[in-house]
Amino acid sequence: MKRIIVIVLAVASVLGIVCLTLLMRAFDKEVAVRLNIPRGATAASVCDSMKHSLGESYGNLVYNLWKLAGSPSSSHGSYLIEPGTTALSAARTVAAGRQTPVKVTINNVRTLKDLVKRIAAKLEASPAEIDEALSDKLVGHPQFKGKETFPAAVLPDTYEFYWNDSAAHVVDKLVAERDKFWNRSRLDKAAKLGLTPVQVATIASIVEEESNKKDERPIIARLYMNRVDKGMKLQADPTVKFATGNFSLRRITGKHLKIDSPYNTYKNTGLPPGPIRVPQKETIDAVLNAPPNSYLYMCAKEDFSGYHNFASDYKTHQANARRYQAALNRRGIR
């Protein structure tokens, strides 16, 4: 009898060690992996998702442990499984619905389609749902009317959401960040310049396209405001590039200047209907805080440094432009 008891205890001990080993088995991938469980998933589809994302063996183990306490409805969401995470810990996390937020970075966005694509790539919500929410809420504000104003209605930043957040919730967060930025101080500065937030963002967007040199952006901003104040056409090449839809253009030629578009500031007086990209917060502030100057013209420097030559009169500007055109020709840039 004692021998039987000893054998039973030995077997139980071995089984216990095996079970503990399985429970404490670590995720052996070198990088973290996201596990997404969509709305309406079945237990079978959860199993498939776990095995597909986490690997056949580890995923199957996590699934069997998850079955003891989890359900598809309570686990709907997205979970980041880090290297070294035990199977038991992963199963408990998913069963409890303890999601890992996803980060959505909004930058270098020119069109509403680009923005929708950027957000949809990180969330469960469909592009159509995001587009509808953006149209309804983001540009539905009295100051941001029409889809062409959307780049002024959202601010570039890195936002945190849960993967299964609704499109409406996502846009609400974008709106809250925008309204927080456009505080009374900034609104007052815009009003003193005779500009709306959309117009400020429009100038900022053109300035960003004109120069990546942050120290000269306030100069360019004031130059364009000077032209607006004098009723002059902006004649801003970036707006023409936007009108063409070809953002890879390196040189604006005569045929481009003839394009019939409200964004062609060589044909139309005043600002275009909206920004030509989502401008950075600091560029918006560069517009709002731009120091006075008398410049009306600008041309890229012939040394291709990224900086510009500025002029208050057309004769000086022509001389600057001739030097730059000659430099382009020497390099064969057309």
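Helices H11 and H15 sit roughly perpendicular to each other, a label used for angles of 65 to 115 degrees. This is a predicted model, where local features need pLDDT of at least 70 and side-chain atom pairs count only at pLDDT 80 or more, while totals for chains, interfaces and linings use all residues. Residues are numbered from 1 along each chain as its sequence is written, and side-chain values use heavy atoms, with hydrogens and water left out.

Back to that helix pair. The axes of H11 and H15 (residues 281-288) come within 9 Å and cross at roughly 110°; axes here are lines fitted to C-alpha atoms over the stretch in contact, with angles running from 0 to 180 degrees between N-to-C directions. The crossing is right-handed. On the H11 side, Val 200, Ile 203, Ala 204, Val 207 and Glu 208 meet Thr 283, Ile 284, Val 287 and Leu 288 of H15, contact meaning heavy atoms within 4.5 Å. Sorted by class, that makes 7 nonpolar, 1 polar and 1 charged residues.

A nonpolar core is a set of buried Ala, Val, Leu, Ile, Met, Phe, Trp, Tyr and Cys residues joined through side-chain atoms within 4.5 Å, and buried means under 20% relative accessible area. This core has 58 residues, and Leu 115, Leu 134, Leu 138, Leu 174 and Tyr 224 touch the most other members. Take Leu 138: leaving aside neighbours within four places in sequence, its contacts include Leu 115, Phe 144, Val 171 and Leu 174. Apart from this core lies another, of 22 residues, with Val 33, Ala 41, Met 50 and Ala 91 among them.

The axes of H6 (residues 112-120) and H7 (residues 127-138) come within 9 Å and cross at roughly 125°. The two are therefore oblique, and H6 passes H7 in a right-handed crossing. Their contact has 9 nonpolar, no polar and 1 charged residues.

Finally, a look at the loops. Asn 108, between strand E3 (102-106) and H6, has a positive phi of about 50° although it is not a glycine. Asn 108 is exposed, at 54% relative accessible area, where exposed means over 50%. Gln 235 lies between H12 (217-229) and H13 (237-244) and also has a positive phi of about 50°. At 36%, Gln 235 counts as partly exposed.

Note on methods. Buried < 20%, exposed > 50% of the residue type's maximum accessible area, 1.4 Å probe, protein only. Helix = DSSP H or I, 4+ residues; strand = E, 2+ residues; numbered from the N terminus. Parallel < 35°, antiparallel > 145°, perpendicular 65-115°, else oblique. Left-handed = near helix turned anticlockwise from the far one by under 90°. Nonpolar A, V, L, I, M, F, W, Y, C, P; charged D, E, K, R; others polar.
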